[in-house]
Structure formats: C-alpha cells, structure tokens
Amino acid sequence: MEVTITTENIEQYRTGELPLVVDLWATWCGPCRMIAPIVSKLAEEYDGKLVVGKCDVEENDDVAAEYRVRNIPTLLFFKGGELVGKHVGAITEGDLRKKFDELL
C-alpha cells in the first residue's frame, strides 16, 4: 500500500519503525507515469516490511528542495531515519526490487 508523502508528514514516516521509499513525481512527468505501476506493485508486495510513499513535487516542492531533487522521477531510500540511497530516472522492476531488498 502506498501512502501520500507531504511536507507535513515526511518526518513522521522517515523516522518510523519501517524503512521508507519515497517516489517523487509529478502528473506531467512521462517517466514518472511509466514507473508508477511498478512502484505500486512492489508497495503491495512489501507491505508491512517497508513503507512506500508518493510525493507530488508540484504540491511539496520544499521536500524536493530539502533532498536536492532536480529531476523526476527520483526515489529516495531511508533506513533508521537516514537517507541511504537515491535513484534518479526510470527503473526496471527487477532493479527496484533489489533496492527494496537492500533496505530490509
């Protein structure tokens, strides 16, 4: 299950018990729409093991600025409250699954 990440709640999820993956995206972004089904599928598969959140950069530009996101899609990977990885651009399901597994 995916959650919506906003300026107001990112800290809560980032410092939560489970690792966090944040998908920074925008409605007008073609590559973002391309990876969205992959992110959603893996969010369901990994439910209870990690949290997957979607953050619309148009509505939460300060989140993008804080993590120096200049291009989307960008995936941020947090563990223990710390940023431990970042991926910019489209990604295959297999490669994203590896990144999810590395967080566990």
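Reader: What covers the buried residues of α2?
Author: The cover includes β1 (2–4), β2 (20–25), β3 (51–56), β4 and α4 (93–103). This is a predicted model, where local features need pLDDT of at least 70, side-chain atom pairs count only at pLDDT 80 or more, and totals for chains, interfaces and linings use all residues. Residues are numbered from 1 along each chain as its sequence is written, and side-chain values use heavy atoms, with hydrogens and water left out.

Reader: Which residues of α2 are buried?
Author: Cys32, Ile35, Ile38, Val39, Leu42 and Ala43. Buried means under 20% relative accessible area, with a 1.4 Å probe and protein chains only. Helices (H or I, at least four residues) and strands (E, at least two) are DSSP runs, numbered from the N terminus.

Reader: Where does α2 bend?
Author: At Ala36, by about 35°, and Pro37, a proline, follows within four residues. The bend is the angle between axes fitted to the seven residues ending there and the seven starting there.

Reader: Different topic. How do β4 and β5 pair?
Author: Strand β4 (residues 74–79) and strand β5 (residues 82–88) are antiparallel, over six bridges. Pairing requires that DSSP finds at least two bridges between the strands.

Reader: What is the bridge partner of Thr74?
Author: Val88, in β5.

Reader: And what lies between β4 and β5?
Author: Two residues, as the strands form a hairpin; Gly80 in the turn has a positive phi of about 60°.

Reader: How many helices and strands does the protein chain have?
Author: Four helices and five strands, in the pattern β-α-β-α-β-α-β-β-α along the sequence.

Conventions:
Buried < 20%, exposed > 50% of the residue type's maximum accessible area, 1.4 Å probe, protein only. Contact = heavy atoms within 4.5 Å.
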